[in-house]
Amino acid sequence: MKFGETFTEYRQTHQERFMEKCRYVEYKRLKKVLKSCRRCRAVKDSSTDDNGEEDESSLFWQYESCPLCDQMFFSELMKEASDIAGCFSSRVRRLLQFHVHNGMQRYVTFLRQCFASPQQATAQECRMLIEYAMMNAVAMRKILKKYDKVHGSENGRKFRSKMRAEHMEILQSPWLIELGSFYVNFNESSGGSSGGTRNPFSFDLTATEPTMTLILPDSVKLEYNLTCAICLELVFNPYALSCGHLFCKSCACSAAFVMIFQGLKAANPDSKCPLCREVGVYSNPVHMMELDLLLKKDCNQYWKERLAAERAETVKQSKIYWALQTKYMVGF
C-alpha cells in the first residue's frame, strides 16, 4: 500500500474523540499541487528549439523555482506545521497533567482518573498522540521529498531546515521526548500493558552517550542525545529551552547567570542558549518532569547523587543571595 493510501486510512480511522480537532498534513491535496506543477517541466521542454538549444525564456525555469507552486505549497505547509506543533504540544501538556509525582498531586490525579480519565483512555490517548506525531512527520518528509524530485531542486530540504530554525519541526519538539518518557513510565506503573502496540521509543541511559531512540513508520531511526552540553553528564532535573536543547537546570541557570532557586524564567530576556546561541530562549522553558522520573527509576544512584549536589549548591547560593540582600537593605 502506498503511503498516501496509508495516511488517508490513518486519518479516517483515528479521527475519534481524542484527535478529531487536530490539524493534519494535507498530503493528498499537496500531492495534487505537485502533479499540476509538472507543467513546469513541460514548459521547460517546449522552450528548447529543434537544434536542442535553449532560448532565453528557459533560463527562468533553469534558475528559478515555480512561483505558483511555492505560493500554494510552502505557505500552506508552513501553516500546517505550525498548527500541528501547537496542537501536539498542548495535547501532550494536558495529558501529562494526569501523571504527577508527589503525594497531594497523586491523590488529586486519582480522583480525576476515577471521574474523567480512566487508565485505559489515558493509554489510548498517549498512543494516538505518538501516532499523530509520527504520521504527520513522515507525511511532511515525503511530500517535501516529492517537491524536490518534481522540481529538481533542494527547496524542500531547505524548507525543513527553516522549520527546525523556527521550532516547527514536530520531531524536534521536547514534548516528544516527554511523551516517550511518559509512555514508558505509564506502562511500567500499569503493569507493562501497552495495549498490544509496539513501543516505538527506547532509552539507553547507561551508554557513554545516553539517548532516546524513536523508530518511525517508514523504518527511519531518530536518536535524541540526553547529555547536557554544559556538564557533559546525563541530564538531571532537565529543562528544554525554547530552541529545544536540553540542559540540567543548574547548568542552564549558571549559563544565564541566575541562581538555581530563582529558576530559568528569571534569566535576562537577552540570554542565549549555551549551545546554539539563540537569543530569548529562556522565557518559556519546558520542565521535563517525565524524563526526570524515568532517570530517577532507571539511574537511581546517579539521580540521588545529583540531587544531593544540586541541593547543596542551592543552599550555598541562597545564603550568598540573602547575605547580599541584607547588606543592601542595611546600607553596607
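These legends describe close-up views of a predicted model.

**View 1. The largest pocket and the residues around its centre.**
The largest pocket has a volume of about 780 Å³. Its lining is made up of 32 residues, and those closest to the centre are Gln172, Ser173, Pro174, Cys243 and Gly244. By type, the lining divides into 16 nonpolar, twelve polar and four charged residues.

**View 2. Elements and domains that line the largest pocket.**
The largest pocket, about 780 Å³ in volume, takes two or more lining residues from each of α5 (67-96), α8 (155-165), α9 (174-189) and β3 (221-225). The element that gives the most is α5, with five residues. Domain 1 (1-38 + 67-224) and domain 2 (226-331) both give residues to the lining, so the pocket lies between them.

**View 3. Buried and exposed sides of helix α8.**
Gly156, Phe159 and Met163 are buried in α8. These three residues cover an arc of only 55° around the axis, which puts them on the same side of α8. An α-helix has 3.6 residues a turn, so residues three or four places apart point the same way. Arg157, Lys158 and Ala165 are exposed on the other side of α8. Just after the helix comes histidine 167, with a positive phi of about 60°.

**View 4. Threonine 211 in strand β2.**
Strand β2 covers residues 211-215, and threonine 211 is part of it. Threonine 211 has a relative accessibility of 13% and counts as buried, because the cut-off for buried is under 20%. Apart from neighbours within four places in sequence, threonine 211 is in contact with Ser202, Phe203, Asp204, Glu223, Tyr224, Asn225 and Leu226.

With a relative accessible area of 0%, proline 238 is buried.

**View 5. Proline 238 and serine 250.**
In sequence, proline 238 and serine 250 are twelve residues apart. In space, the C-alpha atoms of proline 238 and serine 250 are 9.0 Å apart.

How values were computed: Residues numbered from 1 in each chain as written. Predicted model: local features only at pLDDT ≥ 70, side-chain atom pairs only at ≥ 80, totals over all residues. Heavy atoms only, no water. Buried < 20%, exposed > 50% of the residue type's maximum accessible area, 1.4 Å probe, protein only. 1 Å grid on protein atoms, 1.4 Å probe; cavity = no way out; pocket = protein on both sides within 12 Å on 5 of 7 lines; lining within 4 Å. Points joined across faces, edges and corners; volume = space filled by probe spheres on them. Helix = DSSP H or I, 4+ residues; strand = E, 2+ residues; numbered from the N terminus. Nonpolar A, V, L, I, M, F, W, Y, C, P; charged D, E, K, R; others polar. Domains from an automatic or database assignment. Arc of directions from axis to C-beta. Contact = heavy atoms within 4.5 Å.
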